[in-house]
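Visitor: Hey, I've just opened this one up and could use a quick tour. Can we start with how the helices pack?

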Amino acid sequence: MELEIVWLVRAAWITVWVVSILPLVIASIPTSKLNSFRELVLSFAGRGKILHPSSQKFTVPQKFFAHFYVIGVVWTTLLLAATWIYACEMAPLSSEEFQLSDIASRLAGGSDVFSIHKSHMTPVEDRFKVWRAVFLLLLMEIHVLRRLIESFYVFKYSPSARMHILGYFAGLFFYVTAPLSLCSNIAPEVARFVGNQVAEFIANGKSHTSAPELSLVMFISPLMKLGSLQLIGGAIFLRGWIHQRRCHAILGSLRENPSQAKEYIIPYGDWFGMVSSPHFLAEIVLYAGLLIASGGTDITIWLLFGFVAANLTYAAGETHRWYLRKFEDYPANRHAIFPLVY
């Protein structure tokens with residue numbers, strides 16, 4: 001079942017790549033022969049100020065972005081809670097257990113099979129995999145929580161700002177599939193664990209159900225035992241997270257007055273001094289942090305990161321060209337998204 005879930009998530013990302021990212025790549029080829037195709041792609045992929053005028057018929061308000069983050073918070077919270085409890089119960093990483101399970105693993109020749117019928121999981125590598133998933137989901141939770149708060153209290157979308165309905169459904173897909181991608185290799189075991197706990201509760205009742213003995217130390221201390229890649233990845237994630245928060249605050253401040261609701265102003269400050277879409281750059285940076293923290297061995301997370309990078313790079317390019325057309329005095333030293341490169 002584990003392989004089925006993993007390959008199902010990967011197949012979903014590959015399908016999205018073929019359906020959405022490949023057309024974006026083709027549309028980015030600088031040739032006049034693709035102008036019609038480029039306009040067609042932009043009519044589906046555009047939103048807000050870069051939405052093609054002919055696409056207004058099949059759109060929803062851009063403030064519906066909040067729906068993405070509501071779903072992202074609820075779904076990520078469920079995954080994080082279930083995985084964290086499972087990790088504490090089935091994959092402890094205390095010092096003594098860490099050493100004993102390592103010895104047992106070497107004597108037994110190791111095993112890659114998880115089983116909820118064991119009191120604890122072996123070998124250590126499998127326990128580490130579980131806690132690494134907890135760490136990734138924790139970072140994702142921090143991200144989607146901030147985005148949800150910003151969607152209500154920071155961004156002031158213009159009443160005319162719209163996005164294509166296909167882009168809306170793509171956003172819903174993303175915030176369901178992205179958190180799952182961070183834990184897809186252990187999701188079947190976590191689901192079975194939760195299912196068994198629920199079945200035990202239903203069969204025996206609350207008074208006969210053995211409550212797990214969990215403590216704050218059990219929840220937190222294993223995260224302190226993760227490796228250097230998690231530390232580096234977490235630091236990169238936080239750098240992107242902080243700069244995106246700053247850039248979003250700058251964008252939100254441009255429309256503090258109701259009279260500015262339909263105005264566009266050149267933003268300044270933070271990474272806006274280098275690129276036109278620093279909030280997109282920060283998003284790529286924080287997902288790169290997730291990729292590094294994952295160890296970089298899971299193709300599913302590579303597909304997730306590639307989707308984020310390709311999609312935002314295209315959107316940033318269109319945004320940059322819109323700024324150049326809109327403002328004659330637009331800073332000439334700014335690039336679209338990657339400083340000194342593009």
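This is a predicted model: local features need pLDDT of at least 70, side-chain atom pairs count only at pLDDT 80 or more; totals for chains, interfaces and linings use all residues.

Visitor: Which residues make the contact?

Guide: Helix 5 puts in F128, R132, F135, L139, I142, H143, R146, R147 and E150. From helix 9 you get Q230, G234, F237, W241, Q244, R245 and H248.

Visitor: How does that contact split by class?

Guide: The contact of helix 5 with helix 9 has 6 nonpolar, 5 polar and 5 charged residues.

Visitor: OK, another pair. How do helix 10 and helix 11 cross?

Guide: Helix 10 covers residues 278-293 and helix 11 covers residues 299-326. Their axes come within 9 Å, with a crossing angle of roughly 170°, and therefore helix 10 and helix 11 are roughly antiparallel to each other.

Visitor: And who's touching whom there?

Guide: On the helix 10 side it's F280, E283, I284, Y287, A288 and L291. Helix 11 answers with I301, W302, L304, F305, V308, A309, L312, T313, A315, A316 and T319. By class, the residues of that contact come out as 14 nonpolar, 2 polar and 1 charged.

Visitor: Let's switch to the core. How many residues are in the largest nonpolar core?

Guide: The largest nonpolar core has 75 residues. Those with the most contacts inside it are F68, W131, F174, Y287 and L304.

Visitor: Which helices supply at least two residues of it?

Guide: Helix 1 (2-27), helix 3 (65-90), helix 5 (124-153), helix 6 (165-181), helix 7 (187-204), helix 9 (228-253), helix 10 and helix 11 each do. The largest share of this core comes from helix 3, with 12 residues.

Visitor: I've got my eye on C247. Where is C247 found, and is it buried or exposed?

Guide: C247 is in helix 9. C247 is buried, because its relative accessible area is 0% and under 20% counts as buried.

Visitor: What does C247 touch?

Guide: Its contacts are D270, W271, F272, P278 and H279, again not counting residues up to four places away in sequence. C247 and A282 are 35 residues apart in sequence, with 8.8 Å from C-alpha to C-alpha.

Visitor: New topic: where does UniProt place the transmembrane regions?

Guide: The unreviewed UniProt entry puts "transmembrane region" at residues 6-29, 64-87, 165-187 and 216-238. In the model, residues 6-29 are 92% helix and 0% strand, with the end C-alpha atoms 33 Å apart. Residues 64-87 are 96% helix and 0% strand, and there the end C-alpha atoms are 35 Å apart.

Visitor: Last bit, the overall picture. How many helices and strands are in the chain?

Guide: The chain has 11 helices and 2 strands, running α-α-β-α-α-α-β-α-α-α-α-α-α from the N terminus on. Of its 342 residues, 46% count as buried. Among contacts between residues at least 6 apart in sequence, 82% join residues at least 24 apart.

Notes
Residues are numbered from 1 along each chain as its sequence is written. Side-chain values use heavy atoms; hydrogens and water are left out. Axes are lines fitted to C-alpha atoms, for helices over the stretch in contact, and angles run from 0 to 180 degrees between N-to-C directions. Helices (H or I, at least four residues) and strands (E, at least two) are DSSP runs, numbered from the N terminus. Angles under 35 degrees count as roughly parallel, over 145 as roughly antiparallel, 65 to 115 as roughly perpendicular and the rest as oblique. Contact means heavy atoms within 4.5 Å. Ala, Val, Leu, Ile, Met, Phe, Trp, Tyr, Cys and Pro count as nonpolar, Asp, Glu, Lys and Arg as charged, and the others, Gly among them, as polar. A nonpolar core is a set of buried Ala, Val, Leu, Ile, Met, Phe, Trp, Tyr and Cys residues joined through side-chain atoms within 4.5 Å. Buried means under 20% relative accessible area, exposed over 50%, partly exposed in between (1.4 Å probe, protein chains only). UniProt positions are given in the numbering used here, feature names are shortened, and annotations may be inferred rather than shown by experiment.
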